[in-house]
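Dear colleague,

Please find the structure below. The notes that follow it set out what was found.

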Amino acid sequence: MKKLTEHLNKNKFGLFLVFCILGIMLATQFRLTRQMPTTFSSERAALLARQVEAAEKKHKELAKEVESLRQKVANLTEEQGHLRTYQDTLTKYQILAGTLAVEGPGVEVTLDDAKKPLTAEENPNLYVIHDEDVLLVLNELRAAGAEALGINGERVTAMTEIRCVGPTILLNKTKRISAPFVIQAIGNPAALRNSLMMPGGVYDQLKDFITISIKTSENIKIKAATPPDYKYLKEGRG
């Protein structure tokens with residue numbers, strides 16, 4: 001009986017020890033189970049915070065770069081506007097100087113020596129074209145608003161001289177041309193033609209001595225003149 005009692009006491013102690021170990025294990029497992037999500041959440045939150053901070057930094061850098069590029073675009077646009085203005089001004093001066101080929105509507109005036117047979121009493125010199133006949137037409141066209149002029153393909157500029165050299169006309173110092181003379185003028189076709197055809201005007205003054213014809217055109221082309229070689233001219237200060 002005593003042995004049985006001792007045996008039961010040993011078993012109780014063993015069970016008690018087993019329960020104690022089991023309780024400790026359960027408590028440890030419970031504590032670990034509670035701690036693990038908290039640890040993972042903290043690390044994830046820290047990681048996300050670092051990512052957000054890096055993204056905000058990158059966003060600020062990109063925003064600064066965008067602003068810099070926007071300012072460069074604005075500066076380039078402004079410079080492009082200035083360049084376009086300079087280019088327009090340069091083109092206008094090139095046209096006025098005659099150093100740029102031009103085209104547009106206008107008139108063509110053809111002058112030629114008289115074709116009719118002359119009598120012995122008539123002076124043949126009156127029935128051939130002279131430089132003053134060409135100048136008469138050019139001056140009338142200029143007065144009527146011609147914006148560009150040419151003769152037989154040669155550009156007439158403010159520096160162009162026109163003078164007779166035998167049966168030919170010399171212009172732009174080196175260009176010698178002969179009749180028929182085709183004078184081209186770019187401008188309002190109706191205004192140019194009406195100015196030449198007005199009663200007592202250029203046409204009436206020339207038609208009885210030389211051959212003159214006038215026609216309007218929607219597309220007259222006049223080539224550029226060779227720029228003069230200035231040896232003495234320079235920009236003034238006044």
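**Contact between two helices**

V137, E140 and L141 in α2 meet L192, S195 and L196 in α3, where contact means heavy atoms within 4.5 Å. The residues of this contact of α2 with α3 divide into 4 nonpolar, 1 polar and 1 charged. In this scheme, Ala, Val, Leu, Ile, Met, Phe, Trp, Tyr, Cys and Pro count as nonpolar, Asp, Glu, Lys and Arg as charged, and the others, Gly among them, as polar.

Please note that this is a predicted model, in which local features need pLDDT of at least 70, side-chain atom pairs count only at pLDDT 80 or more, and totals for chains, interfaces and linings use all residues. Residues are numbered from 1 along each chain as its sequence is written, and side-chain values use heavy atoms, with hydrogens and water left out.

Helix α3 covers residues 189-197, and α2 packs against α3 at an angle of about 130 degrees, with the axes 9 Å apart. Axes are lines fitted to C-alpha atoms, for helices over the stretch in contact, and angles run from 0 to 180 degrees between N-to-C directions. The angle makes α2 oblique to α3; angles under 35 degrees count as roughly parallel, over 145 as roughly antiparallel, 65 to 115 as roughly perpendicular and the rest as oblique.

**The protein as a whole**

The protein has 4 helices and 8 strands. Helices (H or I, at least four residues) and strands (E, at least two) are DSSP runs, numbered from the N terminus. Buried residues make up 22% of the 238 residues, buried meaning under 20% relative accessible area, exposed over 50% and partly exposed in between (1.4 Å probe, protein chains only).

**The aromatic pair**

The structure holds 1 aromatic pair. The ring centres of Y127 and F209 lie 5.9 Å apart and their planes are at 40 degrees, so the pair is tilted. Rings of Phe, Tyr and Trp (its six-membered ring) pair if their centres lie within 6.5 Å; planes under 30 degrees apart count as stacked, over 60 as edge-to-face and the rest as tilted. Y127 is in the loop between β1 (102-112) and α2 (131-143), and F209 is in the loop between α4 (202-206) and β8 (211-222), so the pair ties together parts that are 82 residues apart in sequence. Y127 counts as buried at 9% relative accessibility, whereas F209, at 34%, counts as partly exposed.

**A buried strand residue**

I162 lies in strand β4 (residues 162-165) and is buried, with a relative accessible area of 12%.

Yours sincerely
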